There are 2 protein chains.
Amino acid sequence: MKLQVDGRKARGDKRRAEIIEATLRVIERDGVAGVTHRIVAAEAGVPTTSTTYHFSSLDDLLIATLISCARDMATEVYWMIDRARSRGSRGAEEVAGLLSEALGPRRGRTMAEYELYLLAARKPELRPAARRWLDVLTSMVRHDDEVAFRVFLAGIDGLLIQGLIDDEPPSAEELRPVVDYLMKPR
Amino acid sequence: MKLQVDGRKARGDKRRAEIIEATLRVIERDGVAGVTHRIVAAEAGVPTTSTTYHFSSLDDLLIATLISCARDMATEVYWMIDRARSRGSRGAEEVAGLLSEALGPRRGRTMAEYELYLLAARKPELRPAARRWLDVLTSMVRHDDEVAFRVFLAGIDGLLIQGLIDDEPPSAEELRPVVDYLMKPR
DNA sequence: TTTGTTTCGGGACGATCGTTCAGGTACTTT
DNA sequence: AAAGTACCTGAACGATCGTCCCGAAACAAA
């Protein structure tokens, strides 16, 4: 079993990845509504037909983008948890910082993620990918209290969504008491 | 100052309302992406030019729809709180029931609301309308604990969003322990 | 009735859309 | 070298899009 010696497939995979990255940039900038074959192709610097060749339809492209996005998010959270653990902290500070980053410098990315998330609500084939990052969290964090953990996850989502319609992103200091409350055992 | 004696304006307002209702139905069915002048006009049973006449652009139409939607939601929540109070309960049962309804029979409507919500993240002129229902809640519920209330609101949003990507909607019984935890004072 | 205002709606314009097709290129296998 | 496979891409098709134009109709004020 040889892996990836075919130069053609190698180039194909590379271009596929470039197209997915371009798609994510387009969603960050213009939203899911702004995703078209031509726009994505222009963003990626490839001819229009290249996107239709590698992704049989627009839906396929969006599905691939969501899957890639969910994987990135999962690994990112993985490292955050790892970082928090190595510091021996309970993570509230890390979480608050991550939230304020998600709502500030990375606001476009956060919007893109939730747009894809909502898309999964409409397209069942997207749901496994959308659920993945929840699953990753669930499997990583020890949950001595199942209910408390579900509340925590829901709270994070709610804070992010509500933070997206604020005129200016909340700071980590503003978020801190809410996150503390959310993570406080009882 | 006479109000609404002009039959022309009366008809115009009525048609405007019909177009907005049709728009909401289209969003429930096809999402914000499915909203076009022609589709909305067909749904409302009016000629295409009627939607462009009453709403100078598609954005205007979506803005009007979000505002109308937010108002409906606010009054609905108002009555729920009123109902819960008259029963003397703390509301956990009512909240769990409302959530399971929002994720079950009214799933399309819930998706539409969150899509419009996310649209507000991209279009600043939509944000006041999107924030309104949060404001209504904040003003109605006595908040002896500010932080706890923010956590509660975020938790509701998170539960709804996560429930939207479940393959089958959670029942009120499943939701109940989480809602209880969310509303439990400490 | 005449004049002015508001709503209505058929038709059309240019733009952009998703997708297809056929020919060409690059690479692997036989 | 020949055949086979995978990728690339310019051109084009039919459909749909937002929006505009302009005359007709309904209604109010004179």
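The largest nonpolar core of this predicted model holds 94 residues, and the members that touch the most others are A:Leu66, A:Leu99, A:Ala120, B:Leu66, B:Leu99 and B:Ala120.

Another of the core residues, A:Leu66, is among the buried residues of helix H4 of chain A, together with A:Leu61, A:Leu62, A:Thr65, A:Cys69 and A:Ala70. Helix H4 of chain A runs over residues 58-87, 30 residues in total. From first C-alpha to last, H4(A) reaches 44 Å, close to the 44 Å expected at 1.5 Å a residue.

Turning to the interface, 35 residues of chain B are in contact with 35 residues of chain A. On the chain B side, two or more residues come from each of helix H6 (107-122), helix H7 (127-140), helix H8 (146-164) and helix H9 (172-183). H8(B) gives the most, with 14 residues.

A word on confidence is welcome for any reader inspecting the coordinates. The mean pLDDT of chain A is 90, and 95% of its residues score at least 70. Within chain A, helix H2 (residues 37-44) has the highest confidence, at 97, whereas helix H7 (residues 127-140) has the lowest, at a mean of 83. Where pLDDT is low, the predicted coordinates should not be read in detail.

Notes: Residues are numbered from 1 along each chain as its sequence is written. Chains are lettered from A and ligands numbered from 1 in the order in which they are written. This is a predicted model: local features need pLDDT of at least 70, side-chain atom pairs count only at pLDDT 80 or more; totals for chains, interfaces and linings use all residues. Helices (H or I, at least four residues) and strands (E, at least two) are DSSP runs, numbered from the N terminus. The expected span of a helix is 1.5 Å times one less than its number of residues. A residue is buried if 20 or more other C-beta atoms lie within 10 Å of its own, exposed if 12 or fewer, and partly exposed in between; C-beta atoms are placed from the backbone. pLDDT is the predictor's confidence in each residue, from 0 to 100. Two residues are in contact if their C-beta atoms, placed from the backbone, lie within 7 Å. A nonpolar core is a set of buried Ala, Val, Leu, Ile, Met, Phe, Trp, Tyr and Cys residues joined through C-beta atoms within 7 Å.
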